[in-house]
Amino acid sequence: MTILDKIVAFKKKEVAKIKAEIPVKKLVESPNFKNTPLSLKKSLTDSFSTGIIAEFKRQSPSKGVINDKATILEVTKGYLDANVAAQSILTDTSFFGGTMADLMEARTLNQQKPILRKDFVVDGFQIVEAKAIGADAILLIATCLTAQELKNYGQLATDLGLEVLYEVHTQKDLEKISDLDNKIIGINNRNLKTFEVDLEHSIALANQIPSSAVKVSESGISDPRIITGLKEYGFQGFLIGENFMKTENPGQACQEFISQIR
């Protein structure tokens with residue numbers, strides 16, 4: 001059983017428990033549910049965009065604790081000051097040390113940039129939940145889902161006004177997504193089964209994605225020069241977490257990184 005298999009199996013049990021306790025009606029009635037979501041796609045494709053989706057991540061299954069000192073409000077303020085294109089927040093507790101409260105807290109401070117809820121979606125309930133906690137976009141990981149689930153969950157998100165970052169790692173993942181046109185496609189350079197990183201992955205799969213789609217490279221981006229190289233292959237978004245979070249001041253690290261891209 002891979003780490004990913006364990007996470008997905010655990011997540012299914014966790015969501016079933018939450019669903020039994022919280023009715024969807026309660027989520028729909030939450031104040032954030034009335035918000036008009038900000039567009040991740042627009043933020044990434046804007047001509048002045050840095051393209052950086054900066055992530056708040058306390059820990060990971062492969063690295064253990066990355067940063068358990070920095071607070072969500074400090075990091076959010078730092079990322080906003082650095083003029084990131086968007087913010088990504090891990091809400092998985094058991095494996096990544098994140099919480100839904102992190103996203104809600106960030107939303108109180110961040111009214112101007114889209115927030116991606118980063119989690120392992122295995123049930124439509126989590127998409128309604130994402131809107132209720134103030135997210136603008138969700139992540140759908142193709143490796144964990146069937147083609148039908150990707151289609152259904154993608155449609156549900158759209159119906160709620162949320163955007164979707166479809167994450168792929170292989171050609172097979174890409175083939176599961178119906179109609180790539182105009183979608184946001186994230187290529188994860190980290191193999192979710194072994195957790196090894198290979199940047200050539202983004203480049204190899206990039207050619208299979210139509211130019212109408214917004215291409216995002218995820219994981220293993222540690223040098224501003226990598227972004228310059230990826231832009232040549234049509235990438236407009238760059239999801240970076242660990243590189244900033246492993247420092248004492250993630251916001252400042254992000255600012256310094258962005259200043260070197262230009």
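Author: Helices here are DSSP runs of H or I with at least four residues, numbered from the N terminus. Keep in mind that this is a predicted model, where local features need pLDDT of at least 70 and side-chain atom pairs count only at pLDDT 80 or more, while totals for chains, interfaces and linings use all residues. Residues are numbered from 1 along each chain as its sequence is written, and side-chain values use heavy atoms, leaving out hydrogens and water.

To find the pair, look for residues 224-231, which form α10, and residues 250-261, which form α12. Their axes come within 8 Å and cross at roughly 45°; each axis is a line fitted to C-alpha atoms over the stretch in contact, with angles from 0 to 180 degrees between N-to-C directions. The two helices are therefore oblique to each other (under 35 degrees is roughly parallel, over 145 roughly antiparallel, 65 to 115 roughly perpendicular, and the rest oblique).

Now zoom in on the side chains. From α10, the contact (heavy atoms within 4.5 Å) uses P224, I227, T228 and K231, and α12 answers with F257, Q260 and I261. Sorted by class, that contact has four nonpolar residues, two polar and one charged. Here Ala, Val, Leu, Ile, Met, Phe, Trp, Tyr, Cys and Pro count as nonpolar, Asp, Glu, Lys and Arg as charged, and the others, Gly among them, as polar.

Next, move to another pair, α4 and α5. Residues 72-81 make up α4, and residues 100-109 make up α5. The axes of α4 and α5 come within 9 Å and cross at roughly 45°, so this pair is oblique. The crossing of α4 and α5 is right-handed.

Which residues of α4 and α5 make the contact? On the α4 side you can pick out I72, L73, T76, K77 and L80. Facing them from α5 are D102, E105, A106, T108 and L109. By class, the contact of α4 with α5 has five nonpolar, two polar and three charged residues.

Methods. Left-handed = near helix turned anticlockwise from the far one by under 90°.
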